Amino acid sequence: MADGYLTTHVLDTAKGCPAAGLRIDLYRINGETRSHLATMVTNDDGRTDAPILPKEDFAVGVYELVFAAGDYLDASGTPPEAPRFLDVVPIRFGISDPAAHYHVPLLVSPFGYSTYRGS
């Protein structure tokens, strides 16, 4: 069994606060196959209440976090656009160390986002 795990954190950089209530889906990518592993919603701190990929499910491979940014922006009162500039934000990344903690945060605003491997 691996000792690693995956977490995420979403910050609304336009408002300067955590992005609470944002839905996140996690997929494992194997060639052309995309398998859904989890759906979580961020808490008041912009984090999920538990690792989005816990130790018992953690494995080396390619994954994709899909952030429902448009739904969050709509719910948070950001003026609507049709269509929204940013709606669904997918981040595909690799896990190569089965013993490591991978943290993939998202910094989001209505017109841009960034990510990095955090700690």
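Two strands are taken as paired if DSSP finds at least two bridges between them. Helices (H or I, at least four residues) and strands (E, at least two) are DSSP runs, numbered from the N terminus. The structure is a predicted model, in which local features need pLDDT of at least 70 and side-chain atom pairs count only at pLDDT 80 or more, while totals for chains, interfaces and linings use all residues. Residues are numbered from 1 along each chain as its sequence is written, and side-chain values use heavy atoms, with hydrogens and water left out.

The protein chain contains 1 helix and 8 strands, arranged along the sequence as β-β-β-β-β-α-β-β-β. Its radius of gyration, taken over C-alpha atoms, is 14 Å, close to the 14 Å given for 119 residues by the globule rule, so the chain is as compact as a globular protein of that length. The rule in question is 2.2 Å times the number of residues to the power 0.38. Along the principal axes, the C-alpha atoms of the protein chain fill a box of roughly 45 × 30 × 20 Å.

Of the 119 residues in the protein chain, 43% are buried, where buried denotes under 20% relative accessible area, exposed over 50% and partly exposed in between (1.4 Å probe, protein chains only). The protein chain exposes about 6300 Å², of which carbon and sulfur atoms supply 53%; accessible areas come from the Shrake-Rupley method with a 1.4 Å probe, and for residues only the protein chains shown count as cover. Among contacts (heavy atoms within 4.5 Å) with a separation of 6 or more in the protein chain, 63% involve residues 24 or more positions apart. The protein chain carries 9 positive and 15 negative charges, whose mean positions are 3 Å apart. Here Lys and Arg count as positive and Asp and Glu as negative, without His or the chain ends, and each charge is placed at NZ of Lys, CZ of Arg, CG of Asp or CD of Glu.

An open sheet of 4 strands has the order β2-β1-β7-β8 and mixed pairing. Its edge strands, β2 (17–18) and β8 (112–115), each pair on one side only. Strand β1 (residues 5–12) pairs with β7 in the parallel sense over 8 bridges; within this pairing, Leu6 has Tyr102 of β7 as its bridge partner, and Leu11 stands opposite Leu107. Because 6 of its 8 residues are buried, β1 is largely enclosed by the rest of the structure. Strand β1 is also joined to β2 by 2 bridges in an antiparallel arrangement, with Pro18 of β2 as a bridge partner of Leu11. The hairpin of β1 and β2 has 4 residues between the strands, and Gly16 in this hairpin adopts a positive phi near 70°.

Strand β7 (residues 101–109) pairs with β8 in the antiparallel sense over 4 bridges. In this pairing, Leu106 is bridged to Thr115, and Ser109 stands opposite Gly112. A hairpin through 2 residues joins β7 to β8. Strand β7 has 7 of its 9 residues buried and is therefore largely enclosed by the rest of the structure.

A cis peptide bond, with omega about -5°, joins Ala82 and Pro83. Pro83 lies in the loop between α1 (69–75) and β6 (88–95). In general, most peptide bonds are trans, and most residues other than glycine have a negative phi.
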